Amino acid sequence: MEICYHDKNIAVCVKPVGLDSEVGVPACLQEALGGTFYPIHRLDQNVGGVMVFARTKDAAAAFSKAVQEGSMVKEYVAQVHGTPPEEGDWEDLLWKDSSKNKVFVVKRERKGVKKARLEFKRLAAGETSLVRIRLHTGRSHQIRVQFASRGFPLVGDHKYGARDAADAPMLFSCCITFPYHGSPQSFSRLPEWAE
């Protein structure tokens, strides 16, 4: 696992596909660097990309606050079926069925329904298209559901309607930016399929 940066407060790494972000990644970081690691945000097990972990409870609290206030910016790349618009700003109401671990777009607010917003730009178009996404909310399966609900399921995302041979959703956390020591810090990586 690539470690992009670490100091006494935080560690930034590139989570491999298949590793759990709440248990597996902290265990790998602990093995490499020693100490304790606290997840600040999460990625689905079948999604890879740049993540930041706190190394102290104080740092965890500060970063959790940054996430809540929207000062931590998370960007993703995804390969989707079809050709979405050149750019977009999508807001939806999402409801998660925990028994099926599946999320649905719904029409009205009710208990358990959460607002979800993302912006995107299309980088390449064709039978499949490459998009870069900025999340404004961090809902479970948000990117996957918001694109699939509009007819653009992620390549490899069989849970949300893709019919292809890829074995995992083509989704990657490509850039994370956050305030640290008084200035914005940014860490970026791209998967091979998006370069």
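1. Quick term first: two strands count as paired here if DSSP finds at least two bridges between them. Keep in mind that this is a predicted model. With that in hand, strand 10 and strand 11 (residues 183–188) are paired, running antiparallel with 6 bridges between them.

2. A closer look at that pair: Phe178 has Gln185 in strand 11 as its bridge partner. The two strands make a hairpin, with 2 residues between them.

3. Strand 10 covers residues 171–180, and it's mostly covered, with 9 of its 10 residues buried. For a regular strand, remember that side chains alternate between the two faces of the sheet.

4. What else does strand 10 pair with? Strand 5 (residues 73–81) is joined to strand 10 by 6 bridges, and the two run antiparallel. There, Val77 stands opposite Phe172. Strand 4 (residues 48–54) is joined to strand 10 by 2 bridges, this time running parallel. On that side, Gly49 has Ser173 as its bridge partner.

5. Over to helix 1 (residues 24–33). Which of its residues are buried? They are Gly24, Val25, Pro26 and Leu29. In an α-helix there are 3.6 residues a turn, so residues three or four places apart point the same way.

6. Those buried residues of helix 1 pack against strand 1 (2–6), strand 2 (10–15), strand 3 (38–39) and strand 4. Strand 4 also pairs with strand 10, through the 2 parallel bridges.

Conventions
Residues numbered from 1 in each chain as written. Predicted model: local features only at pLDDT ≥ 70, side-chain atom pairs only at ≥ 80, totals over all residues. Heavy atoms only, no water. Buried < 20%, exposed > 50% of the residue type's maximum accessible area, 1.4 Å probe, protein only. Helix = DSSP H or I, 4+ residues; strand = E, 2+ residues; numbered from the N terminus. Contact = heavy atoms within 4.5 Å.
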